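Welcome, and please take a moment to look over the sequence and the model before reading on.

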Amino acid sequence: MAPGSTILILLLLLLLGVPAAPALGDPGPLEDVVIDRYYIPKICLREVQMGDFIRYHYNGTFKDGKKFDSSYDRGATVAGVVGVGRLITGMDRGLQGMCVNERRHLIVPPHLGYGSIGVAGLIPPDATLYFDVVMLDIWNKNDKLQITTLSKPEHCNRTVENSDFVRYHYNGTLLDGTPFDSSYSKDSTYDTYVGTGWLIKGMDQGLLGMCAGEKRSIIIPPFLAYGEKGYGTVIPPQASLVFSVLLIDFHNPKDGVFLEHLEVPESCKRRAVTGDFVRYHYNGTLMDGTLFDSSYSRNHTYNTYIGKGYIIPGMDQGLQGVCVGERRRVVVPPHLAYGENGAGNKIPGSAVLIFDVHIIDFHNPADPVEIETVYRPEDCNVTTRDRDFVRYHYNCSLLDGTKLFSSHDYEKPQEVTLGTNKVIEGLNSGLLNMCAGERRVLIIPPHLGHGESGARGVPGSAVLRFEVELISMEEGVPEGYLFIWHGDPPANLYEQMDLNKDGEIPADEFSTFIKTQVVEGKGRLMPSSDPEKVIADMFQNQDRNQDGKITSEELKLKSDEDQEKIHEEL
């Protein structure tokens with residue numbers, strides 16, 4: 001024997017606590033197993049002990065290198081129990097203390113192997129056996145599930161319970177790290193119920209108490225996995241399984257919509273109910289935070305009726321009772337969302353959806369204009385009516401405070417004759433019955449505003465808020481009139497209007513006469529910012545042949561024209 005070999009054997013015998021042979025000459029027969037731990041993993045969570053179940057591969061040879069047995073050649077690992085006499089004594093001793101993935105060379109003397117009898121046709125009597133062993137799995141019948149939390153969200157309002165439906169990703173390996181399955185390779189989560197027998201017992205237990213977004217390592221002993229039979233060609237019999245699990249989401253079939261009120265305005269005069277039309281912004285995410293849709297990305301609110309089936313049932317429920325300006329989180333289980341089929345390529349089947357919504361405004365198609373009087377003068381005796389000419393200041397905004405228009409941006413107040421369709425219907429209504437100096441806040445629903453289409457700078461279906469102040473008012477005239485008499489008109493109207501008595505009335509003569517009637521309080525013009533234009537329109541209406549003068553045959557009172565159904569004047 002070479003000197004180096006002698007030294008190695010002596011060292012090994014010393015390490016094992018076996019008395020060494022003399023340093024010179026043949027060391028003689030071995031008294032115990034010689035163990036060479038030629039590969040030890042950096043991490044060793046567990047070592048083989050008496051009574052443990054193990055799985056391992058090996059090659060068995062004689063001293064001359066001739067192979068007498070190999071688990072590799074059979075294509076199957078060896079499984080057994082250490083220290084109960086089911087293995088030859090040398091293997092029982094040589095395997096103790098091994099780690100998973102550790103590799104050892106074992107030299108087993110005959111009296112710890114097959115002794116003086118051997119194995120007929122395979123192992124001769126008094127043969128020393130050489131084994132090259134790699135440990136693949138270790139477990140014990142007293143083992144429990146080993147759960148290690150790798151990461152966990154800061155906020156966890158709910159954890160998995162029995163009968164919950166879970167969606168999770170996983171990587172599955174044997175204890176030695178050999179992969180056998182992965183949901184990631186299928187590009188799809190594994191979806192199933194927990195605690196109903198659809199999973200191996202170890203996974204049923206290992207998923208309990210998890211939060212959405214939590215990541216766990218779950219080590220499952222064989223008796224809580226596939227046991228003695230294994231599974232197909234990928235999971236050997238008596239194999240411990242290691243699952244790295246990321247819980248995407250979960251729900252229970254009995255779940256309703258879960259609401260979280262993130263921000264509720266201090267003042268909430270009204271809450272949305274079935275039949276209301278709501279405009280809101282939202283971000284829609286899965287439970288793991290994956291964004292699947294956002295109204296903000298389109299720079300446009302989502303507009304819909306609630307409680308009428310136009311949106312998924314969960315949102316129909318989740319938007320009930322919202323206030324304008326409220327921010328709310330709506331968690332919708334799949335049976336109240338898109339169910340097992342999902343939607344498109346962004347919402348998987350059986351996915352829980354989370355909507356973070358911001359309510360911009362809402363209204364009901366039956367809503368009138370809401371009027372709040374902020375200030376009303378005490379000496380308020382005369383109020384506005386249709387056909388009155390009014391001057392007013394206003395600030396217009398959306399209900400979320402977005403400013404749209406203001407008369408203060410111009411040099412003078414806004415002017416309009418009420419009831420002439422010159423302003424939106426809701427503003428016209430809100431300006432009626434006001435006193436000069438009065439201030440109001442008007443809430444105008446879209447059907448009395450700019451409707452579904454909106455207007456320049458005004459979104460479709462928007463509720464508008466007006467702050468108005470009536471600066472002044474002038475009494476109007478009935479519809480179709482440009483001038484009315486305060487009493488009966490003169491019996492000889494044409495003669496009085498023909499100031500120079502030449503039998504015809506030109507424009508300047510007509511204008512002078514009308515202005516005189518106004519100054520003397522006998523009549524009044526339709527109020528306008530341009531009285532001259534009103535008088536010019538009156539003259540043009542009376543000058544029926546457009547020859548620049550009015551004859552006695554052309555001049556007619558408005559009351560006479562109404563009877564004749566010709567057109568409107570005086």
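Asp 32 is partly exposed, with a relative accessible area of 21%; here partly exposed sits between buried (under 20% relative accessible area) and exposed (over 50%), judged with a 1.4 Å probe and protein chains only. The side chain of Asp 32 meets that of Arg 93 in a salt bridge, at 3.1 Å from N to O. This is a predicted model, in which local features need pLDDT of at least 70 and side-chain atom pairs count only at pLDDT 80 or more, while totals for chains, interfaces and linings use all residues. Residues are numbered from 1 along each chain as its sequence is written, and side-chain values use heavy atoms, with hydrogens and water left out.

**Salt bridges**

- A salt bridge is a side-chain nitrogen of Lys or Arg within 4 Å of a carboxyl oxygen of Asp or Glu, and by this rule the count comes to 34 salt bridges.
- Arg 93 lies in helix H3 and Asp 32 in the loop between helix H1 (3–15) and strand S1 (34–39), so their bridge ties together parts that are 61 residues apart in sequence.
- Helices (H or I, at least four residues) and strands (E, at least two) are DSSP runs, numbered from the N terminus.
- Arg 93 is partly exposed, at 40% relative accessible area.
- Glu 474 and Arg 391 form another salt bridge through their side chains, at 3.2 Å from N to O.
- That pair links distant parts of the chain, with Glu 474 in strand S24 (residues 464–474) and Arg 391 in strand S20, 83 residues apart.
- Glu 474 is partly exposed, with a relative accessible area of 32%.
- The side chains of Glu 475 and Arg 524 also meet in a salt bridge, at 3.3 Å from N to O.
- Here Glu 475 is in the loop between S24 and strand S25 (483–485) and Arg 524 is in strand S27 (residues 523–525), so the pair links distant parts of the chain, 49 residues apart.
- Glu 475 is partly exposed at 43% relative accessible area, whereas Arg 524 counts as buried at 18% relative accessibility.

**Nonpolar cores**

- In soluble globular proteins, nonpolar side chains tend to be buried together.
- A nonpolar core is a set of buried Ala, Val, Leu, Ile, Met, Phe, Trp, Tyr and Cys residues joined through side-chain atoms within 4.5 Å.
- The largest nonpolar core has 26 residues, of which Tyr 56, Met 91, Leu 95, Leu 129, Phe 131 and Val 133 touch the most other members.
- At least two residues of this core come from each of strand S2 (53–61), helix H3 (89–95), strand S5 (103–108) and strand S6 (129–139).
- S6 gives the most to this core, with five residues.
- Leu 95 is in contact (heavy atoms within 4.5 Å) with Val 48, Ile 54, Tyr 56, Leu 87, Arg 104, Val 133 and Met 135, not counting residues up to four places away in sequence.
- A second, separate core of 25 residues includes Tyr 170, Leu 199, Ile 235 and Ala 239.

**A buried valine**

- Val 278 has its place in strand S14 (residues 277–286).
- Is Val 278 buried or exposed? Val 278 is buried, with a relative accessible area of 0%.
- Setting aside residues up to four places away in sequence, Val 278 touches Ala 272, Tyr 302, Asn 303, Thr 304, Ile 306, Ile 359, Asp 361 and Phe 362.
- Val 278 and Ser 461 are 183 residues apart in sequence and 9.0 Å apart in space, C-alpha to C-alpha.

**Positive phi angles**

- Asn 299 is not a glycine, although its phi is positive, at about 55 degrees.
- Asn 299 is in the loop between strand S15 (291–294) and strand S16 (302–305), and this residue is exposed, with a relative accessible area of 70%.
- Arg 387, also a residue other than glycine, has a positive phi near 85 degrees.
- Arg 387 is found in the loop between strand S19 (370–375) and strand S20 (389–398), and Arg 387 counts as buried at 15% relative accessibility.

**Record annotations**

- UniProt, in an unreviewed entry, places "domain: PPIase FKBP-type" at residues 51–139, 163–251, 275–363 and 387–474.
- Over residues 275–363 the chain is 7% helix and 39% strand, with end C-alpha atoms 9 Å apart.

Note on methods. UniProt positions renumbered as here; feature names shortened; annotations may be inferred.
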